[in-house]
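Try each task yourself before you read its solution.

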Amino acid sequence: MVHEMLSYLGEDPERTGLQDTPKRVRKALEYFTRGYHQNINDVLNNAIFEEECDEMVIVRNIDFFSLCEHHMLPFYGKAHVAYIPNGKIVGLSKIPRLVEVFSRRLQIQERMTQQIARTLNDLIHPKGVGVVVNGFHLCVAMRGVEKLNAMATTSAMLGTFRENRATRAEFMGLIETKAR
């Protein structure tokens, strides 16, 4: 298929620089979409623990890369994930892994944000989950409107993050705090 696309663009798919391009594109797409083949339970590797912690847990500035399902162009940015435990916690390194699973699929940022929040909620049944994702979309920057600095922000608030304005404000304030 890539061979035909190259021809359609007016290229010679047999020229030296392009001969291996179909194979490289296939490998790249397999890597970019590896989240389809990852099982959440395998990724978590039993890292859910009983703990009587009841304060907000936040992992912020989680880098992600994804492909827009509409144009198959990259979008990338940072995810911020918080929850308030209700007798269970998850290993901190597992939160970025959860983001990675959902970002490594053909995606839209809105859905990815919801998937992260719902999955964490279903796994440990916390008092609440908050997820904010900031993303730059190359489909916005390279085509159509061509705005390089336009950033999309999406959020998913479940439980106390949705119901309690003070909890939501605390989360939003903490993710805006500059790291040292």
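The exercises below concern a predicted model, and each task is followed by a worked solution.

**Exercise 1. Overall picture**

Find how many helices and strands the chain has, what its C-alpha trace spans, and what share of its residues count as buried.

Solution. 
- Step 1: Count the secondary structure elements. The chain contains eight helices and seven strands.
- Step 2: Take the extent along the principal axes. The C-alpha trace spans about 65 × 35 × 30 Å.
- Step 3: Turn to burial. Of the 180 residues, 39% count as buried.

**Exercise 2. Salt bridges between elements**

Determine which parts of the chain are joined by the salt bridge of arginine 34 and glutamate 100, then do likewise for lysine 78 and aspartate 63.

Solution. 
- Step 1: Begin with arginine 34 and glutamate 100. Their side chains meet in a salt bridge at 2.5 Å, N to O.
- Step 2: Locate both ends. Arginine 34 is in the loop between helix 2 and helix 3 (40-44), while glutamate 100 is in helix 4 (residues 94-103), so the pair ties together parts 66 residues apart in sequence.
- Step 3: Check the exposure of arginine 34. Its relative accessible area is 22%, so arginine 34 counts as partly exposed.
- Step 4: Arg34, Glu100 and Arg104 are linked by salt bridges.
- Step 5: Go on to the second pair. Lysine 78 and aspartate 63 form a salt bridge at 2.4 Å, N to O. This pair links distant parts of the chain, with lysine 78 in strand 3 and aspartate 63 in strand 2, 15 residues apart.
- Step 6: Classify this pair. Lysine 78 is partly exposed because its relative accessibility is 31%. Aspartate 63 has a relative accessible area of 46%, so aspartate 63 is partly exposed too.

**Exercise 3. Aromatic pairs**

Are the planes of phenylalanine 64 and phenylalanine 75 stacked or edge-to-face?

Solution. 
- Step 1: Survey the structure. A search of the whole structure gives five aromatic pairs.
- Step 2: Read the geometry of phenylalanine 64 and phenylalanine 75. Their centres are 5.9 Å apart, with 70 degrees between the planes. Planes over 60 degrees apart count as edge-to-face, so the pair is edge-to-face.
- Step 3: Phenylalanine 64 sits in strand 2 (residues 57-68) and phenylalanine 75 in strand 3 (residues 74-84), eleven residues apart. Both are buried.
- Step 4: Phenylalanine 161 is in helix 7 (residues 160-163) and phenylalanine 171 in helix 8 (residues 165-176). Both residues are buried.
- Step 5: Look for a cluster. Phe65, Tyr76 and Phe136 form one.

**Exercise 4. Surface patches**

Identify the residues of the negative patch and of the nonpolar patch on the surface.

Solution. 
- Step 1: Collect the negative patch. Glu50, Glu51, Glu52, Asp54, Glu55 and Glu170 form it.
- Step 2: Examine one member. Glutamate 50 lies in strand 1 (residues 48-50), and its 62% relative accessibility is why glutamate 50 counts as exposed.
- Step 3: Collect the nonpolar patch. Leu29, Tyr31, Phe32 and Met72 together have about 360 Å² of accessible area.
- Step 4: Examine leucine 29. This residue is in helix 2 (residues 21-32), and its relative accessible area of 31% makes leucine 29 partly exposed.

Technical notes: Residues numbered from 1 in each chain as written. Predicted model: local features only at pLDDT ≥ 70, side-chain atom pairs only at ≥ 80, totals over all residues. Heavy atoms only, no water. Patch = residues over 30% accessible without salt bridge, like charges linked within 9 Å, V, L, I, M, F, W, Y side chains within 5 Å. Areas by Shrake-Rupley, 256 points an atom, 1.4 Å probe, with all protein chains shown as cover. Salt bridge = Lys/Arg side-chain N within 4 Å of Asp/Glu carboxyl O. Lys, Arg positive; Asp, Glu negative; His and termini not counted. Charge placed at Lys NZ, Arg CZ, Asp CG, Glu CD. Helix = DSSP H or I, 4+ residues; strand = E, 2+ residues; numbered from the N terminus. Buried < 20%, exposed > 50% of the residue type's maximum accessible area, 1.4 Å probe, protein only. Phe/Tyr/Trp six-rings, centres within 6.5 Å; stacked < 30°, edge-to-face > 60°.
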